[in-house]
Amino acid sequence: MNTPLSDEELERLDAFLMSPRTPDETMDVETLDGFLVALQIGPEPLPEAEWLPQVFAGTPPEFADAVEADEVLGLLRRHAASLAEAFGPKQRQRVGEEPLYVPIVLSDEGADEHWQDSLGAYWAGGFRLGMLAHESQWQAALDEGETLYEPVAAILALEHGQEPEDDVPALGRAQREERISELPWLIEDVMFYWLERKYGRVDTVRHAQPKVGRNDPCPCGSGQKYKKCHGA
């Protein structure tokens, strides 16, 4: 059994990921968590040799020595392994009122007074990057109907509206906080979809979630409304 990273270990990992010795586009812990969750609950696993370089934007970091390299890579591998355990096929049998996993969404109160306006955006961005690893399979499934589209669109709505060129309005603070509270259940709905595709349908506990309309962002990440993109 893999032991999930402690708060102290997550802080140490994030400190290295955000240090000057890593590429500018390196994922922080929140983005990393969304990325690895999408890989784990998606259509098929991605080998470490493919996902690990993406964490550092394809450029190896500058480790101080072999000890530091072993520690950082060990923390990354442990986090990935704990997610694999949390979302394994057998976990369908213990679904209930308690979530299988609570995503890592950082509260950066020290940034500025507007930090709540982007709460969860990095996690959703990481989730989108994880989807892109198997883009064709995700897109084909999203095009089939609302079963997968609705939870994915609800997740990705946390990311939209963060850039000036986005033509989709961002969620308000109250909407954002509510959506983050729903994240564990949205993740499980996505997990159920792909597990049923792989292993067949089983009785599971479905969680109520808000319907996502045709005016919401398209899950493909285009920034357009669904009705003007893949819902056209």
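Here, buried means under 20% relative accessible area, exposed over 50% and partly exposed in between (1.4 Å probe, protein chains only). This is a predicted model, where local features need pLDDT of at least 70 and side-chain atom pairs count only at pLDDT 80 or more, while totals for chains, interfaces and linings use all residues. Residues are numbered from 1 along each chain as its sequence is written, and side-chain values use heavy atoms, with hydrogens and water left out.

**View 1. Tryptophan 123 and phenylalanine 127, both buried.** Searching the whole structure turns up six aromatic pairs (Phe, Tyr or Trp rings, the six-membered one for Trp, with centres within 6.5 Å; planes under 30 degrees apart are stacked, over 60 edge-to-face, the rest tilted). This one is stacked, at 5.6 Å centre to centre with 20° between the planes. The two sit four residues apart in helix α5 (residues 121-132), so about one helical turn separates them. Helices are DSSP runs (H or I, at least four residues), numbered from the N terminus.

**View 2. Tryptophan 138 against tryptophan 194, an edge-to-face pair.** Ring centres are 5.4 Å apart and the planes make 70°. Tryptophan 138 belongs to helix α6 (residues 135-144) and tryptophan 194 to helix α8 (residues 173-199), so the pair ties together parts 56 residues apart in sequence. Tryptophan 138 is buried at 2% relative accessible area, and tryptophan 194 is buried too, at 5%.

**View 3. One aromatic cluster.** Its members are Trp123, Phe127, Trp138, Tyr193 and Trp194.

**View 4. Where α5 meets α6.** Phe127, Gly130, Met131 and Leu132 of α5 touch Glu135, Trp138 and Leu142 of α6 (contact: heavy atoms within 4.5 Å).
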